[in-house]
Amino acid sequence: MIFGVVAALPFAVAAQPGEGVRDTAFALQFVVACYAGARLCAMVLAGRRRLIQGAFWLFCYLAMGIAPLAQSVLGRDPTPVVGPRSDTVLATALVLLGMVAFDVGALLARNRPTLRRRARRPARVDRPRLWLLVGFSLLASALLIVQLGGPSVFFTSREEIIAGLAEATAGEADQETGEAGNALLRGFGTVPVLLSLLLLTRWLVTSRTARRRPGVLAAWAVVLSVNVIVNNPVSNPRYWFLTVLFSLLFTIFPRSPVMYRASLALGVVVALLVFPFADRYRYADDDARPAAAESLLEPLTVKDYDQVGMFANHISYVEDGQHTFGRQLLGSVLFFVPRTLWEEKPMDSGVLVGEWMGTNNTNLSSPLWAELWIDFGPLGMTAGLLAVGYGAGRADRRYVDRTLHDPAPGNVFAVVVPLVAGYSFILLRGSLLQATGRIVIAALCLALVTSFRDRPDRRLR
(Lines give C-alpha, C1' and ligand atoms only; values in the text may rest on other atoms or scores of the structure.)
Protein backbone atom coordinates (compact mmCIF):
# COMPACT_ATOMS: atom_id res chain seq x y z
CA MET A 1 0.00 0.00 0.00
CA ILE A 2 2.78 2.43 0.90
CA PHE A 3 4.40 2.09 -2.52
CA GLY A 4 1.03 2.43 -4.26
CA VAL A 5 -0.08 5.54 -2.40
CA VAL A 6 3.24 7.37 -2.14
CA ALA A 7 4.80 6.52 -5.51
CA ALA A 8 2.80 4.34 -7.89
CA LEU A 9 -0.41 6.39 -8.03
CA PRO A 10 1.25 9.84 -8.31
CA PHE A 11 3.66 8.54 -10.99
CA ALA A 12 0.78 6.83 -12.83
CA VAL A 13 -1.23 10.05 -12.86
CA ALA A 14 1.78 12.14 -13.90
CA ALA A 15 2.57 9.73 -16.76
CA GLN A 16 -0.90 10.03 -18.34
CA PRO A 17 -1.13 11.93 -21.64
CA GLY A 18 -2.63 15.38 -21.47
CA GLU A 19 -2.44 18.97 -22.63
CA GLY A 20 -1.14 20.34 -19.34
CA VAL A 21 2.18 22.17 -19.04
CA ARG A 22 4.89 20.33 -17.09
CA ASP A 23 6.17 23.39 -15.28
CA THR A 24 7.01 24.44 -11.72
CA ALA A 25 3.38 24.20 -10.61
CA PHE A 26 3.21 20.64 -11.93
CA ALA A 27 6.43 19.66 -10.12
CA LEU A 28 5.24 21.21 -6.85
CA GLN A 29 1.89 19.47 -7.21
CA PHE A 30 3.66 16.14 -7.63
CA VAL A 31 5.64 16.80 -4.42
CA VAL A 32 2.42 17.69 -2.58
CA ALA A 33 0.79 14.41 -3.67
CA CYS A 34 3.80 12.34 -2.58
CA TYR A 35 4.17 14.16 0.75
CA ALA A 36 0.47 13.84 1.60
CA GLY A 37 0.56 10.19 0.55
CA ALA A 38 3.51 9.49 2.82
CA ARG A 39 1.77 11.14 5.77
CA LEU A 40 -1.48 9.27 5.05
CA CYS A 41 0.42 5.97 5.09
CA ALA A 42 2.01 7.02 8.39
CA MET A 43 -1.48 7.52 9.82
CA VAL A 44 -2.61 4.11 8.56
CA LEU A 45 0.42 2.33 10.01
CA ALA A 46 0.53 4.27 13.28
CA GLY A 47 0.26 2.28 16.49
CA ARG A 48 -2.32 4.74 17.84
CA ARG A 49 -5.54 5.73 16.12
CA ARG A 50 -5.35 9.35 15.00
CA LEU A 51 -8.82 10.05 13.71
CA ILE A 52 -8.66 13.79 13.03
CA GLN A 53 -5.13 13.69 11.65
CA GLY A 54 -6.04 10.72 9.48
CA ALA A 55 -9.01 12.60 8.02
CA PHE A 56 -6.80 15.64 7.39
CA TRP A 57 -4.23 13.67 5.42
CA LEU A 58 -6.89 11.75 3.52
CA PHE A 59 -8.38 15.07 2.37
CA CYS A 60 -4.95 16.48 1.52
CA TYR A 61 -3.93 13.43 -0.48
CA LEU A 62 -7.09 13.38 -2.55
CA ALA A 63 -8.31 16.99 -2.82
CA MET A 64 -4.98 18.84 -2.59
CA GLY A 65 -2.72 16.18 -4.11
CA ILE A 66 -3.95 13.58 -6.61
CA ALA A 67 -6.95 15.48 -8.02
CA PRO A 68 -5.03 18.74 -8.72
CA LEU A 69 -2.18 16.66 -10.18
CA ALA A 70 -4.65 15.07 -12.60
CA GLN A 71 -6.01 18.50 -13.48
CA SER A 72 -2.49 19.76 -14.10
CA VAL A 73 -1.77 16.79 -16.40
CA LEU A 74 -4.95 17.33 -18.42
CA GLY A 75 -4.62 21.12 -18.39
CA ARG A 76 -8.21 21.41 -17.20
CA ASP A 77 -9.33 23.44 -14.18
CA PRO A 78 -12.77 22.59 -12.68
CA THR A 79 -13.15 26.28 -11.81
CA PRO A 80 -11.48 28.95 -13.98
CA VAL A 81 -8.24 30.33 -12.55
CA VAL A 82 -8.28 34.01 -13.46
CA GLY A 83 -4.80 35.00 -12.33
CA PRO A 84 -1.40 34.31 -13.90
CA ARG A 85 0.30 30.92 -13.64
CA SER A 86 2.52 32.32 -10.88
CA ASP A 87 -0.52 32.47 -8.57
CA THR A 88 -1.07 28.73 -9.07
CA VAL A 89 2.61 28.10 -8.33
CA LEU A 90 2.33 30.17 -5.14
CA ALA A 91 -0.89 28.43 -4.12
CA THR A 92 0.66 24.98 -4.55
CA ALA A 93 3.76 26.00 -2.58
CA LEU A 94 1.57 27.40 0.22
CA VAL A 95 -0.45 24.18 0.32
CA LEU A 96 2.80 22.30 0.94
CA LEU A 97 3.86 24.87 3.56
CA GLY A 98 0.51 24.48 5.34
CA MET A 99 0.89 20.70 5.41
CA VAL A 100 4.34 21.01 6.98
CA ALA A 101 2.98 23.50 9.53
CA PHE A 102 0.16 21.06 10.42
CA ASP A 103 2.77 18.31 10.88
CA VAL A 104 4.85 20.50 13.16
CA GLY A 105 1.81 21.36 15.27
CA ALA A 106 0.84 17.70 15.60
CA LEU A 107 4.42 16.84 16.55
CA LEU A 108 4.41 19.51 19.27
CA ALA A 109 1.17 18.09 20.65
CA ARG A 110 2.50 14.54 20.58
CA ASN A 111 5.70 15.48 22.42
CA ARG A 112 4.03 17.78 24.93
CA PRO A 113 4.79 16.47 28.42
CA THR A 114 1.81 15.11 30.31
CA LEU A 115 0.85 17.44 33.12
CA ARG A 116 -0.85 16.39 36.30
CA ARG A 117 -4.54 16.70 35.61
CA ARG A 118 -6.86 18.38 38.00
CA ALA A 119 -9.46 16.13 39.51
CA ARG A 120 -12.66 16.83 37.63
CA ARG A 121 -15.66 14.85 36.61
CA PRO A 122 -15.64 13.66 32.99
CA ALA A 123 -18.35 14.70 30.57
CA ARG A 124 -21.13 12.12 30.53
CA VAL A 125 -24.32 11.67 28.53
CA ASP A 126 -27.33 12.25 30.74
CA ARG A 127 -29.92 9.55 29.99
CA PRO A 128 -33.12 11.64 30.29
CA ARG A 129 -31.56 14.40 28.21
CA LEU A 130 -30.54 11.85 25.57
CA TRP A 131 -34.16 10.75 25.22
CA LEU A 132 -35.11 14.42 24.95
CA LEU A 133 -32.60 14.84 22.10
CA VAL A 134 -33.91 11.72 20.37
CA GLY A 135 -37.47 13.05 20.52
CA PHE A 136 -36.46 16.50 19.31
CA SER A 137 -34.36 15.11 16.46
CA LEU A 138 -37.22 12.93 15.21
CA LEU A 139 -39.59 15.91 15.27
CA ALA A 140 -37.09 18.15 13.46
CA SER A 141 -36.43 15.51 10.79
CA ALA A 142 -40.15 14.88 10.40
CA LEU A 143 -40.67 18.60 9.81
CA LEU A 144 -38.00 18.58 7.12
CA ILE A 145 -39.53 15.53 5.44
CA VAL A 146 -43.03 17.02 5.50
CA GLN A 147 -41.85 20.40 4.23
CA LEU A 148 -40.13 18.78 1.25
CA GLY A 149 -43.09 16.59 0.33
CA GLY A 150 -42.35 13.18 1.81
CA PRO A 151 -39.53 10.62 2.06
CA SER A 152 -39.45 9.85 -1.68
CA VAL A 153 -37.99 13.30 -2.48
CA PHE A 154 -34.82 12.38 -0.59
CA PHE A 155 -34.07 9.59 -3.08
CA THR A 156 -34.34 11.68 -6.25
CA SER A 157 -31.51 14.24 -6.50
CA ARG A 158 -29.90 17.14 -4.71
CA GLU A 159 -31.48 19.47 -7.26
CA GLU A 160 -34.94 18.39 -6.13
CA ILE A 161 -33.99 18.93 -2.47
CA ILE A 162 -32.69 22.44 -3.17
CA ALA A 163 -35.87 23.28 -5.09
CA GLY A 164 -38.00 21.91 -2.24
CA LEU A 165 -36.12 23.97 0.34
CA ALA A 166 -36.53 27.11 -1.77
CA GLU A 167 -40.27 26.46 -2.04
CA ALA A 168 -40.58 25.79 1.70
CA THR A 169 -39.10 29.22 2.52
CA ALA A 170 -40.52 31.08 -0.48
CA GLY A 171 -42.49 33.46 1.74
CA GLU A 172 -39.41 34.98 3.39
CA ALA A 173 -38.96 38.72 3.00
CA ASP A 174 -35.50 38.69 1.38
CA GLN A 175 -33.00 36.29 -0.14
CA GLU A 176 -30.68 36.20 2.87
CA THR A 177 -33.54 35.36 5.23
CA GLY A 178 -34.70 32.64 2.84
CA GLU A 179 -31.22 31.12 2.61
CA ALA A 180 -30.88 31.23 6.40
CA GLY A 181 -34.25 29.51 6.71
CA ASN A 182 -33.11 26.81 4.27
CA ALA A 183 -29.91 26.23 6.22
CA LEU A 184 -31.74 26.04 9.56
CA LEU A 185 -34.42 23.71 8.23
CA ARG A 186 -31.89 21.35 6.71
CA GLY A 187 -29.42 21.68 9.58
CA PHE A 188 -31.93 20.84 12.32
CA GLY A 189 -33.39 18.11 10.12
CA THR A 190 -30.07 16.30 9.64
CA VAL A 191 -27.62 17.08 12.47
CA PRO A 192 -29.61 16.22 15.65
CA VAL A 193 -30.79 12.90 14.23
CA LEU A 194 -27.20 12.00 13.29
CA LEU A 195 -26.00 12.82 16.81
CA SER A 196 -28.86 10.76 18.24
CA LEU A 197 -27.74 7.82 16.11
CA LEU A 198 -24.11 8.19 17.22
CA LEU A 199 -24.99 8.42 20.92
CA LEU A 200 -27.40 5.48 20.79
CA THR A 201 -24.88 3.45 18.80
CA ARG A 202 -22.19 4.18 21.38
CA TRP A 203 -24.59 3.06 24.12
CA LEU A 204 -25.41 -0.21 22.37
CA VAL A 205 -21.82 -0.98 21.39
CA THR A 206 -20.44 -0.56 24.91
CA SER A 207 -23.34 -1.81 27.06
CA ARG A 208 -24.62 -5.38 27.13
CA THR A 209 -27.49 -4.20 29.31
CA ALA A 210 -28.63 -1.72 26.65
CA ARG A 211 -28.61 -4.43 23.99
CA ARG A 212 -31.14 -6.34 26.11
CA ARG A 213 -33.56 -3.41 26.35
CA PRO A 214 -36.25 -3.43 23.63
CA GLY A 215 -36.85 0.31 24.05
CA VAL A 216 -33.23 1.21 23.27
CA LEU A 217 -33.11 -1.15 20.29
CA ALA A 218 -36.40 0.20 18.94
CA ALA A 219 -35.24 3.81 19.31
CA TRP A 220 -31.97 3.01 17.54
CA ALA A 221 -33.84 1.32 14.66
CA VAL A 222 -36.18 4.31 14.24
CA VAL A 223 -33.33 6.84 14.35
CA LEU A 224 -31.34 4.75 11.87
CA SER A 225 -34.32 4.64 9.49
CA VAL A 226 -34.73 8.41 9.64
CA ASN A 227 -31.01 8.87 8.96
CA VAL A 228 -31.32 6.66 5.89
CA ILE A 229 -33.93 9.13 4.62
CA VAL A 230 -32.46 12.52 5.50
CA ASN A 231 -28.72 11.71 5.45
CA ASN A 232 -28.49 9.39 2.46
CA PRO A 233 -25.79 9.95 -0.23
CA VAL A 234 -28.30 10.62 -3.02
CA SER A 235 -29.77 13.90 -1.81
CA ASN A 236 -26.88 15.17 0.33
CA PRO A 237 -23.52 16.73 -0.54
CA ARG A 238 -20.89 14.06 -0.76
CA TYR A 239 -18.71 15.70 1.89
CA TRP A 240 -21.62 15.58 4.35
CA PHE A 241 -22.18 11.90 3.61
CA LEU A 242 -18.47 11.30 4.31
CA THR A 243 -19.09 12.94 7.69
CA VAL A 244 -21.96 10.57 8.38
CA LEU A 245 -20.02 7.51 7.20
CA PHE A 246 -16.76 8.19 9.04
CA SER A 247 -18.34 9.28 12.31
CA LEU A 248 -20.59 6.21 12.35
CA LEU A 249 -17.78 3.77 11.54
CA PHE A 250 -15.50 5.20 14.22
CA THR A 251 -18.35 5.10 16.75
CA ILE A 252 -19.26 1.48 15.99
CA PHE A 253 -15.61 0.40 16.20
CA PRO A 254 -14.15 2.73 18.85
CA ARG A 255 -11.18 0.55 19.76
CA SER A 256 -10.41 -1.26 16.53
CA PRO A 257 -7.10 -0.32 14.84
CA VAL A 258 -8.05 -2.61 11.95
CA MET A 259 -11.25 -0.68 11.20
CA TYR A 260 -9.42 2.63 11.55
CA ARG A 261 -6.80 1.57 9.00
CA ALA A 262 -9.39 0.03 6.71
CA SER A 263 -11.47 3.22 6.79
CA LEU A 264 -8.55 5.38 5.64
CA ALA A 265 -7.47 2.91 2.98
CA LEU A 266 -11.04 2.44 1.78
CA GLY A 267 -11.49 6.21 1.78
CA VAL A 268 -8.84 6.54 -0.92
CA VAL A 269 -10.55 3.94 -3.11
CA VAL A 270 -14.04 5.37 -2.62
CA ALA A 271 -12.96 8.96 -3.23
CA LEU A 272 -11.09 8.09 -6.44
CA LEU A 273 -13.50 5.55 -7.93
CA VAL A 274 -16.95 6.32 -6.47
CA PHE A 275 -16.91 9.92 -5.25
CA PRO A 276 -16.58 11.63 -8.68
CA PHE A 277 -19.34 9.53 -10.27
CA ALA A 278 -21.76 10.40 -7.47
CA ASP A 279 -22.08 13.79 -9.17
CA ARG A 280 -24.86 12.21 -11.25
CA TYR A 281 -27.16 12.41 -8.23
CA ARG A 282 -26.88 16.19 -8.13
CA TYR A 283 -29.23 16.65 -11.09
CA ALA A 284 -32.81 15.55 -11.69
CA ASP A 285 -32.59 15.88 -15.49
CA ASP A 286 -30.56 13.20 -17.25
CA ASP A 287 -29.45 15.75 -19.87
CA ALA A 288 -27.88 17.90 -17.15
CA ARG A 289 -25.83 15.05 -15.74
CA PRO A 290 -22.16 14.77 -16.64
CA ALA A 291 -21.32 12.76 -19.75
CA ALA A 292 -19.24 9.64 -19.63
CA ALA A 293 -15.57 10.31 -18.99
CA GLU A 294 -13.17 10.09 -21.93
CA SER A 295 -10.13 9.72 -19.67
CA LEU A 296 -9.39 7.89 -16.43
CA LEU A 297 -8.37 11.23 -14.93
CA GLU A 298 -11.40 13.20 -16.11
CA PRO A 299 -13.60 12.33 -13.08
CA LEU A 300 -11.02 14.16 -10.92
CA THR A 301 -11.68 17.44 -12.74
CA VAL A 302 -15.13 17.97 -11.19
CA LYS A 303 -15.87 21.14 -9.21
CA ASP A 304 -15.68 19.33 -5.86
CA TYR A 305 -11.91 19.11 -6.41
CA ASP A 306 -11.31 22.79 -7.20
CA GLN A 307 -9.50 23.60 -3.93
CA VAL A 308 -6.04 24.42 -5.31
CA GLY A 309 -7.49 26.45 -8.18
CA MET A 310 -9.73 28.39 -5.81
CA PHE A 311 -6.77 29.03 -3.51
CA ALA A 312 -4.98 30.57 -6.51
CA ASN A 313 -8.06 32.73 -7.14
CA HIS A 314 -8.04 33.86 -3.49
CA ILE A 315 -4.40 34.88 -3.95
CA SER A 316 -5.31 36.83 -7.09
CA TYR A 317 -8.19 38.50 -5.23
CA VAL A 318 -5.88 39.64 -2.42
CA GLU A 319 -3.32 40.90 -4.95
CA ASP A 320 -6.09 42.97 -6.54
CA GLY A 321 -7.07 44.42 -3.16
CA GLN A 322 -5.79 43.56 0.29
CA HIS A 323 -6.08 41.07 3.13
CA THR A 324 -9.27 41.30 5.18
CA PHE A 325 -7.45 41.09 8.56
CA GLY A 326 -9.90 38.74 10.25
CA ARG A 327 -13.18 40.13 8.90
CA GLN A 328 -14.01 36.93 7.01
CA LEU A 329 -13.40 34.81 10.09
CA LEU A 330 -15.47 37.20 12.20
CA GLY A 331 -18.31 36.93 9.70
CA SER A 332 -18.20 33.14 9.98
CA VAL A 333 -18.24 33.23 13.79
CA LEU A 334 -21.11 35.75 13.84
CA PHE A 335 -23.02 34.07 11.00
CA PHE A 336 -26.29 34.35 12.93
CA VAL A 337 -26.28 38.18 12.96
CA PRO A 338 -28.73 39.40 10.29
CA ARG A 339 -27.48 41.80 7.65
CA THR A 340 -30.17 44.28 8.68
CA LEU A 341 -28.22 44.77 11.92
CA TRP A 342 -24.77 44.48 10.35
CA GLU A 343 -24.87 46.10 6.93
CA GLU A 344 -21.18 45.47 6.22
CA LYS A 345 -21.32 41.83 7.31
CA PRO A 346 -18.77 39.82 5.26
CA MET A 347 -20.18 37.38 2.74
CA ASP A 348 -19.09 33.81 2.18
CA SER A 349 -15.42 33.78 1.04
CA GLY A 350 -16.17 31.51 -1.92
CA VAL A 351 -19.02 33.78 -2.99
CA LEU A 352 -16.88 36.88 -2.46
CA VAL A 353 -14.10 35.62 -4.72
CA GLY A 354 -16.60 34.12 -7.18
CA GLU A 355 -18.35 37.47 -7.65
CA TRP A 356 -14.97 39.15 -8.09
CA MET A 357 -14.15 36.55 -10.76
CA GLY A 358 -17.49 37.22 -12.49
CA THR A 359 -18.66 33.58 -12.48
CA ASN A 360 -22.34 32.70 -12.78
CA ASN A 361 -22.10 29.97 -10.15
CA THR A 362 -20.63 31.40 -6.95
CA ASN A 363 -21.12 28.24 -4.90
CA LEU A 364 -17.36 27.68 -4.85
CA SER A 365 -15.04 26.11 -2.33
CA SER A 366 -12.78 28.11 -0.05
CA PRO A 367 -10.28 25.70 1.55
CA LEU A 368 -8.90 26.39 4.99
CA TRP A 369 -5.58 27.51 3.49
CA ALA A 370 -7.44 30.16 1.45
CA GLU A 371 -9.61 31.27 4.39
CA LEU A 372 -6.51 31.89 6.51
CA TRP A 373 -4.65 33.51 3.60
CA ILE A 374 -7.38 35.97 2.70
CA ASP A 375 -7.57 37.13 6.32
CA PHE A 376 -4.02 36.93 7.67
CA GLY A 377 -1.55 36.38 4.82
CA PRO A 378 1.33 33.85 4.75
CA LEU A 379 2.34 34.15 8.42
CA GLY A 380 -1.25 33.90 9.62
CA MET A 381 -1.93 30.93 7.35
CA THR A 382 1.14 29.09 8.62
CA ALA A 383 0.37 29.86 12.26
CA GLY A 384 -3.27 28.89 11.79
CA LEU A 385 -2.47 25.48 10.30
CA LEU A 386 0.17 24.90 12.96
CA ALA A 387 -2.53 25.57 15.58
CA VAL A 388 -4.94 23.24 13.77
CA GLY A 389 -2.28 20.51 13.77
CA TYR A 390 -1.64 21.04 17.47
CA GLY A 391 -5.34 20.87 18.27
CA ALA A 392 -5.79 17.75 16.14
CA GLY A 393 -2.84 16.07 17.85
CA ARG A 394 -4.16 16.88 21.32
CA ALA A 395 -7.69 15.70 20.49
CA ASP A 396 -6.45 12.44 18.98
CA ARG A 397 -4.23 11.81 21.98
CA ARG A 398 -7.07 12.37 24.42
CA TYR A 399 -9.44 10.27 22.33
CA VAL A 400 -7.16 7.25 22.53
CA ASP A 401 -6.62 7.71 26.27
CA ARG A 402 -10.30 8.15 27.05
CA THR A 403 -11.58 5.33 24.88
CA LEU A 404 -8.99 2.90 26.25
CA HIS A 405 -9.30 3.83 29.91
CA ASP A 406 -12.91 5.03 29.94
CA PRO A 407 -15.15 2.61 27.98
CA ALA A 408 -18.31 4.01 29.62
CA PRO A 409 -21.39 4.12 27.34
CA GLY A 410 -21.90 7.79 28.13
CA ASN A 411 -18.39 8.93 27.24
CA VAL A 412 -19.10 12.15 25.31
CA PHE A 413 -15.55 12.55 24.02
CA ALA A 414 -15.76 9.14 22.33
CA VAL A 415 -18.55 10.50 20.10
CA VAL A 416 -17.29 14.06 19.60
CA VAL A 417 -13.91 13.14 18.08
CA PRO A 418 -15.35 10.78 15.41
CA LEU A 419 -17.87 13.48 14.50
CA VAL A 420 -15.13 16.13 14.23
CA ALA A 421 -12.99 13.75 12.17
CA GLY A 422 -15.83 13.23 9.73
CA TYR A 423 -16.81 16.90 9.60
CA SER A 424 -13.20 17.96 9.03
CA PHE A 425 -13.68 17.17 5.32
CA ILE A 426 -16.23 20.01 5.15
CA LEU A 427 -14.13 22.36 7.29
CA LEU A 428 -11.04 21.78 5.15
CA ARG A 429 -12.92 22.21 1.87
CA GLY A 430 -14.69 25.36 3.07
CA SER A 431 -16.07 27.76 3.14
CA LEU A 432 -16.11 28.31 6.90
CA LEU A 433 -19.32 30.32 6.73
CA GLN A 434 -21.21 27.41 5.16
CA ALA A 435 -19.74 24.96 7.68
CA THR A 436 -20.42 27.00 10.81
CA GLY A 437 -24.19 26.49 11.02
CA ARG A 438 -24.02 22.73 11.45
CA ILE A 439 -21.19 23.12 13.96
CA VAL A 440 -23.35 25.35 16.15
CA ILE A 441 -26.35 22.99 15.89
CA ALA A 442 -24.15 20.03 16.87
CA ALA A 443 -22.68 22.00 19.79
CA LEU A 444 -26.16 22.87 21.06
CA CYS A 445 -27.22 19.22 20.87
CA LEU A 446 -24.10 18.09 22.73
CA ALA A 447 -24.62 20.76 25.38
CA LEU A 448 -28.17 19.46 25.86
CA VAL A 449 -27.11 15.86 26.60
CA THR A 450 -23.83 16.50 28.45
CA SER A 451 -23.61 16.54 32.23
CA PHE A 452 -20.60 16.98 34.54
CA ARG A 453 -22.57 16.00 37.64
CA ASP A 454 -22.05 12.56 39.09
CA ARG A 455 -25.58 11.14 39.13
CA PRO A 456 -25.49 7.33 38.85
CA ASP A 457 -29.26 7.13 38.50
CA ARG A 458 -29.09 9.13 35.23
CA ARG A 459 -26.09 7.43 33.63
CA LEU A 460 -26.21 5.27 30.54
CA ARG A 461 -25.77 1.63 31.59
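Me: How do helix 16 and helix 17 pack, at what angle and how far apart are their axes?
Reply: Helix 16 (residues 413-429) and helix 17 (residues 432-449) pack at an angle of about 165°, and their axes are 10 Å apart. Axes here are lines fitted to C-alpha atoms, for helices over the stretch in contact, with angles from 0 to 180 degrees between N-to-C directions. Helices and strands are DSSP runs numbered from the N terminus (H or I, at least four residues, for helices; E, at least two, for strands). This is a predicted model, where local features need pLDDT of at least 70, side-chain atom pairs count only at pLDDT 80 or more, and totals for chains, interfaces and linings use all residues. Residues are numbered from 1 along each chain as its sequence is written, and side-chain values use heavy atoms, leaving out hydrogens and water.

Me: So are helix 16 and helix 17 roughly parallel or antiparallel?
Reply: Helix 16 and helix 17 are roughly antiparallel. The cut-offs: under 35 degrees is roughly parallel, over 145 roughly antiparallel, 65 to 115 roughly perpendicular, and the rest oblique.

Me: Which residues meet there?
Reply: From helix 16, Val416, Leu419, Tyr423, Ile426 and Leu427 meet Leu432, Ala435, Arg438, Ile439, Ala442 and Leu446 of helix 17. Contact means heavy atoms within 4.5 Å. By class that gives 10 nonpolar, no polar and 1 charged residues. For the classes, Ala, Val, Leu, Ile, Met, Phe, Trp, Tyr, Cys and Pro are nonpolar, Asp, Glu, Lys and Arg are charged, and the others, Gly among them, are polar.

Me: What's the peptide bond from Gly430 to Ser431 like?
Reply: The Gly430 to Ser431 bond is cis, with omega near 0°. Ser431 sits in the loop between helix 16 and helix 17.

Me: Switching over, what about helix 3 and helix 4?
Reply: Helix 3 (residues 51-74) and helix 4 (residues 85-110) pack at about 165°, with axes 12 Å apart. On the helix 3 side the contact uses Gln53, Phe56, Trp57, Cys60, Met64 and Ser72, and on the helix 4 side Arg85, Val95, Met99, Phe102, Asp103, Ala106 and Arg110. That contact has 8 nonpolar, 2 polar and 3 charged residues.

Me: Is Cys60 buried or exposed?
Reply: Cys60 is buried, at 0% relative accessibility. Buried means under 20% relative accessible area, exposed over 50%, and partly exposed in between (1.4 Å probe, protein chains only). Cys41 is buried as well, at 3%.

Me: How many disulfides turn up?
Reply: A search of the whole structure finds 0, counting a disulfide as a pair of cysteine sulfur atoms within 2.5 Å.

Me: Where's Asn227, and what does Asn227 touch?
Reply: Asn227 is in helix 9 (residues 214-230), and it is buried at 5% relative accessible area. Leaving aside neighbours within four places in sequence, Asn227 contacts Val193, Leu194, Leu197 and Asn232. Asn227 and Leu194 are 33 residues apart in sequence, with 6.6 Å between their C-alpha atoms.

Me: And Phe325, what's its phi?
Reply: Phe325 has a positive phi of about 55° although it is not a glycine. Phe325 lies in the loop between helix 12 (307-320) and helix 13 (327-333), and is exposed at 62% relative accessibility.

Me: Last one: how many helices and strands in the chain?
Reply: The protein chain has 17 helices and 2 strands, and buried residues make up 52% of its 461 residues.
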